[in-house]
Amino acid sequence: MTAELVAGIDSSTQSTKVVVCDAETGEIVRTGRAPHPDGTEVHPDAWWEAFGEATKGLLDDVKAIGVGGQQHGMVTLDENNDVVRPALLWNDTRSAQAALDLVDELGGPSVWAKSVGSVPVASFTVTKLRWLAENEPRLADRVARVLLPHDWLTWKLTGGDPVTDRGDASGTGYFSPSDNAYRLDVLSHAFGGRTPELPTVLGPADAAGHTPDGVLVSAGTGDNMAAALGLELRPGDVVVSLGTSGTVFGVAETGAADASGEVAGFADATGRFLPLACTLNAARVLTATAAMLGATLSEFDRLALTAEPGAGGLTFLPYLDGERTPNLPGATGSLAGLTRENMTPANLARSAVEGMLCGLAAGLDAVRAHGLDVQRVLLIGGGAQSRAVCAVAPLVFGVPVQLPEVAEYVALGAARQAAWALASSAEPPSWQENQKLRLELDEPTEAQRAEGHRIQQRHLEAREAAYGVRRNLGED
Ligand SMILES: Nc1ncnc2c1ncn2[C@@H]1O[C@H](COP(=O)(O)OP(=O)(O)O)[C@@H](O)[C@H]1O
Ligand SMILES: O=C(CO)[C@@H](O)[C@H](O)COP(=O)(O)O
């Protein structure tokens with residue numbers, strides 16, 4: 001009997017990736033990819049074009065398809081379902097003031113954390129709607145429906161009624177993951193009294209519909225939720241994803257409600273929760289530093305690996321695109337501790353790796369402080385391909401770090417969701433047989449942990465000195 005095939009899509013910030021796999025085992029049989037335009041606002045048609053290019057010739061005998069997408073992006077449609085304006089993405093910080101205003105107007109951080117699981121910052125959809133209402137009111141008046149990037153692609157595939165899932169809905173700021181319900185009062189307040197239609201929230205194994213060719217389409221989800229599904233996380237597993245964003249997350253049985261805003265209390269794609277800390281600056285810190293040094297990515301790695309831990313005293317705060325955690329949307333990066341002796345390309349490369357990972361180590365402390373058990377870190381995303389990252393991560397994180405076999409875990413998780421919807425089973429299929437580790441990094445020694453701790457302390461001190469960010473208890 002020939003295997004049934006399912007496809008998973010990762011429509012992330014920089015590209016669309018596709019995997020086609022065996023629905024029963026998860027074995028990957030085909031892959032594809034296509035780039036997205038750069039920028040923090042993008043017309044959704046560009047994602048649809050990239051979808052077409054990335055899946056060309058790959059979907060012929062596929063029975064089901066699932067879409068994982070970058071979280072939070074604001075897709076606005078008018079009453080004819082035409083796009084009103086280019087989508088504002090999760091990394092667009094123009095709504096930073098709108099976020100502060102909303103937090104203030106609706107009861108402060110703890111009220112937000114309790115009611116929707118998160119304290120909104122500029123990334124959250126609700127703040128983008130507020131920005132639109134205040135800055136482009138005529139366009140806001142035309143908005144009849146608001147979708148997220150994965151909702152929009154799922155709708156393009158089925159042509160039916162728009163749907164979403166609990167995981168992606170939990171990143172809007174107007175959905176309560178604990179009550180499993182939209183907060184229309186919050187939406188209407190943010191959007192100047194307007195109440196656009198929202199997609200129906202499907203259950204984890206529900207079908208969104210079918211394509212015109214009869215391919216089943218699953219509910220889809222946010223990219224981080226899809227990665228968690230693709231990795232089949234167990235208690236004690238925490239993922240650090242180094243894509244455009246840096247994210248730290250794990251699956252939890254109860255939702256987080258962090259009034260400090262460091263941890264977002266998202267829902268996952270299985271009916272559980274996904275506490276998550278996110279930075280705006282991850283893999284692109286490495287690529288931008290490599291470009292500045294005139295080095296290829298492998299030369300950059302080699303340079304970073306020739307420097308001593310601590311980068312000769314250089315501390316790089318890599319807020320190149322502003323920052324989300326800590327919430328410094330208007331920040332720029334800074335490099336502290338320069339002397340004539342330490343000012344070398346190798347130290348600069350090393351400080352970029354250390355600075356980027358220290359931001360995520362703070363995220364690791366934050367999710368730990370909010371109940372996640374951290375037994376091992378699974379390192380994924382484009383930045384995990386860097387040899388220098390692999391060398392520094394165990395020091396700075398202080399726990400065993402493992403690299404799953406290079407694969408697109410968001411796309412794989414979306415495919416697993418599609419297989420789940422196809423099987424209509426109580427639980428998703430187990431694809432563990434195909435879950436292999438590419439690299440199990442040596443557990444950090446006591447001396448390495450101490451070294452990593454010193455690097456992290458210096459990073460936190462520099463952060464406090466430059467931006468006044470106070471440390472949380474979890475960081476000491
Ligand atoms: N060896 C490497 N070293 C550093 N960065 C890398 C390496 N390989 C890929 N990247 C970077 O990873 C990023 C893409 O990662 P990915 O997880 O696909 O991002 P996203 O899902 O946000 O689109 C790009 O910025 C790319 O340049
Ligand atoms: O905003 C978040 C998480 O809350 C980001 O993680 C986006 O979901 C984009 O992801 P990548 O493109 O970096 O994978």
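Here is a short walk through the model, one selection at a time.

Before you click, note that this is a predicted model: local features need pLDDT of at least 70, side-chain atom pairs count only at pLDDT 80 or more, and totals for chains, interfaces and linings use all residues. Residues are numbered from 1 along each chain as its sequence is written, and side-chain values use heavy atoms, with hydrogens and water left out.

**Stop 1: the domains.** Colour 5-219 as domain 1 and 233-404 + 445-475 as domain 2; these bounds come from an automatic or database domain assignment. Their C-alpha centres are 26 Å apart. Where they touch, 27 residues from domain 1 and 26 residues from domain 2 take part (contact means heavy atoms within 4.5 Å).

**Stop 2: the largest core.** Next, select Val 6, Trp 47, Ile 65, Val 126, Trp 152, Tyr 174 and Phe 249, the residues with the most contacts inside the largest nonpolar core, which has 91 residues. Such a core is a set of buried Ala, Val, Leu, Ile, Met, Phe, Trp, Tyr and Cys residues joined through side-chain atoms within 4.5 Å; buried means under 20% relative accessible area, exposed over 50%, and partly exposed in between, with a 1.4 Å probe and protein chains only. Now show helix H14 (residues 409-423), which gives this core the most, eight residues. Helices (H or I, at least four residues) and strands (E, at least two) are DSSP runs numbered from the N terminus. Both domain 1 and domain 2 supply at least three residues to the core.

Zoom in on Ile 65. Leaving aside neighbours within four places in sequence, its contacts include Phe 51, Leu 157, Val 217 and Ala 418.

**Stop 3: helix H4.** Which residues of H4 are buried? Select 125-135: nine of the eleven residues are, among them Thr 125, Lys 128, Arg 130 and Trp 131.

**Stop 4: the largest cavity.** Select Val 119, Phe 124, Glu 262, Cys 278 and Arg 324, which are among the residues lining the largest cavity. On a 1 Å grid over the protein atoms alone, a cavity is a set of points where a 1.4 Å probe fits but cannot get out, and lining residues have an atom within 4 Å of a point. This one has a volume of about 70 Å³. Strand S19 (residues 273-279) gives the most to the lining, with three residues. Here too, domain 1 and domain 2 each contribute at least three residues.

Key: Chains lettered and ligands numbered in written order. 1 Å grid on protein atoms, 1.4 Å probe; cavity = no way out; pocket = protein on both sides within 12 Å on 5 of 7 lines; lining within 4 Å. Points joined across faces, edges and corners; volume = space filled by probe spheres on them.
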